Amino acid sequence: MRLTKKDLLGIKDLTVDEINLILDTAESFIEVSTREIKKVPTLRGKTIINLFMEPSTRTRTSFEIAGKRLSADTINISASTSSVVKGETLIDMARNLEAMNPDVIVIRHSASGAPHLLAKLLRQSIINAGDGAHEHPTQALLDMMTIRTKKGRIAGLKVSIVGDIAHSRVARSNIYGLTRMGAQVTVAGPATMLPRFIERMGVTVHHRIEDAIRGADIVMMLRIQTEREQQNIFPSLREYAKYFGLNRKNIRLAKDDVLVMHPGPINRGIEIAPDIADGPASVILEQVTNGVAVRMALLYLLTGGRT
Amino acid sequence: MRLLLRGARVVDPSQPIDEKIDILVENGKIVRVAKNIYKSRTQTEADAPSTLKTLDLRGKIIVPGLIDMHTHLREPGFEYRETIQTGCEAATAGGFTALACMPNTNPVNDNHSVTGSIIRKARECNLCHVYPIAAISRKSEGAALAEFWDLKDAGAVAFSDDGKPVMNAALMRRALEYAASLDMPVISHCEDLHLSAGGVMNEGFVATELGLLGIPGVAEEVMAARDILIAEFTGTAIHIAHVSTAGTVRLIREAKAREIRVTAETAPHYFTLTDEAVREFDVNAKVNPPLRGIEDVAAIREGLRDGTIDVIASDHAPHAMTDKDVEFDDAAFGMVGLETSLGLSLKLVADGILTLDQLIMKMSTAPARILKIPGGTLKTGAVADMTVIDPDAEWTVDRSCFRSKSCNTPFHGWDMKGKAVMTIVGGEIKYQEP
């Protein structure tokens, strides 16, 4: 089976079969990263450009490692080193990159829809590594892979996503993916963090973390962006930590075998207590490990690979 | 020079008439509106046969020249988007014989020399009437009143800080009072900048899915409510620009029922498109106020039908590709409209929302009355501004054929029925369908 898409722009566009194909492929790539010589020649001669117009450590490194372990040539461009500082538009920069004939362009951008703009213009495969508050499909895929590996299934599980849903691309991609795979998704946060009509995305809405995580199989905590305090999205970090943070007390409401997830980077002691982040229920670092495998799978499938 | 228009159906809501009747134009004025002027032609022509031009307009409709009371001509300052010349060419091609242009140029039209220069240039273009709308506040910064008397004397017909709202309620109060003493209308762009801050599209389910920051309908409604209350207090008239929400329609309907002197306009995109048009991050569907939900579109159409909304204006907002071909967040707000307004508005007639008479009221007679400018009528003695519509002409919007310098439209490729085939300004044919 092969992925017939040119680009990966969002989870919304993926079918159940496509998600399973990506996750199955990713599982087969896990082993490569455990070898002594962590490299296979699969993408030898392919060029991958990582165009990161917004700060990122985890995702950019993960894509770079994924490309290198498949023997592709990877080039990183960040906003501060790109020609946008000279006033070049995204479209002009992309056309110039296209002229150098890469095979895949991975893009992270603060504006929703930026990868879609490139996908329409360029013949290369575009992978969305996070666009504004829209989608972060590779994060959702690695989250689904982690859940599937740990729980053996996704369908029927109760997944609670807690935090600033309105500004979260991770939340949107996970909502699309998890609901499509048959999970029951609950979102929670103060009303200021829940975008209008979010329930139409097929989720249950709560305004208290306790209500959201009761009986949950998975609790996914979102990073609180501290600059949102100025926009009156929440009154103070202190209040947020007290009423919406995941801690040793409220986690007891979840199932005994609950998995705690977080896309990172975490704010220790704010949305998640340190002992929970480091505790036995936490799979935060396994998410990161799986991220490399998921990205290897995508690079492989989008450049024509098949399983 | 005399012009005889014969055989057409004449629709003039100012009289009102709707019948097959001939119109005789002499020296730029309508001198006779009567049946069968054509048949008595030999006598009339006997006086000066060579100077009479007869147009056979059977199958066509003659209406008072369309007036667009909300246009952005971009000159001075943004001539790469539009000039007075290209804007007037687009207007006449779209069937407009007059337009009022908003002051958000560079420099802002907040003084008599800018107003005067626009009028002079428009006169040189010699296509359609151009009526400048001057700024309410100096540089449209919302702090200090512009020189209303001086602007009026220079030829401005109304005041507005369009593009920017007047956030200071006290300034709006003074503007309404001062303008009323000059017998000049004030046009309000209703938007609370705190509520709309950062927004790039309607706050609704589509914005939620796309992760784009929303502009809530209430950002428009709180300001419409405020301005209606101020107008009630001062006892003066206010015109609400580009109504986009069901809530604003309701506020205006209630205000009119209480006999507050409020008038309102909407634009074709607000009764035609919803925020679903933004789905594929189409920058040509990015406009301020934003395209709203389906219930808003229904309310706008009902507001047009029941008379709550007096005017259809284009809010023609040309932008070059360089303003638009960027990330959605960074793209400029606005769409061109002069060459699609009539076609889209005729769909309201086809849909049974408005009669043709009511439509022409909203696109000609009402804007003339609100701005207190000539036109909007085909009465004997009136200026001979007329639009000839072919109601059966089927055409497809092709932005590459626009006379406007810009082509930022979400309606490219749309099928239309009904079109302006001739635009007559002051008795002269300024546009004729090729």
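This is a predicted model: local features need pLDDT of at least 70, side-chain atom pairs count only at pLDDT 80 or more; totals for chains, interfaces and linings use all residues.
Trainee: How many aromatic pairs does the structure hold over all chains?

Mentor: A pair of aromatic rings is described by the distance of the centres and the angle of the planes. Counted over all chains, the number of aromatic pairs in the structure is seven.

Trainee: Is the pair formed by B:Phe148 and B:Phe159 stacked or edge-to-face?

Mentor: B:Phe148 belongs to helix α4 of chain B and B:Phe159 to strand β11 of chain B, 11 residues apart, and the pair links distant parts of the chain. The ring centres are 3.7 Å apart and the planes stand at 5 degrees. Planes under 30 degrees apart count as stacked, so the pair of B:Phe148 and B:Phe159 is stacked.

Trainee: Is B:Phe159 buried or exposed?

Mentor: The relative accessible area of B:Phe159 is 0%, and a residue counts as buried when this value is under 20%. B:Phe159 is therefore buried.

Trainee: What separates A:Tyr240 and A:Phe244 along helix α8 of chain A?

Mentor: Helix α8 covers residues 237–244 of chain A, and the two residues are four residues apart in this helix. Because of this spacing, A:Tyr240 and A:Phe244 are separated by about one helical turn.

Trainee: Which residues lie nearest the centre of the second largest pocket?

Mentor: The second largest pocket has a volume of about 490 Å³, and its lining divides into seven nonpolar, 11 polar and eight charged residues. Of the 26 residues that line this pocket, those nearest its centre are B:Arg74, B:Asn104, B:Asp162, B:Gly163 and B:Lys164.

How values were computed. Residues are numbered from 1 along each chain as its sequence is written. Chains are lettered from A and ligands numbered from 1 in the order in which they are written. Side-chain values use heavy atoms; hydrogens and water are left out. On a 1 Å grid over the protein atoms alone, a cavity is a set of points where a 1.4 Å probe fits but cannot get out, and a pocket is an open set with protein on both sides within 12 Å along at least five of seven lines; lining residues have an atom within 4 Å of a point. Grid points are joined across faces, edges and corners, and a volume is the space filled by probe spheres set on the points. Ala, Val, Leu, Ile, Met, Phe, Trp, Tyr, Cys and Pro count as nonpolar, Asp, Glu, Lys and Arg as charged, and the others, Gly among them, as polar. Rings of Phe, Tyr and Trp (its six-membered ring) pair if their centres lie within 6.5 Å; planes under 30 degrees apart count as stacked, over 60 as edge-to-face and the rest as tilted. Buried means under 20% relative accessible area, exposed over 50%, partly exposed in between (1.4 Å probe, protein chains only).
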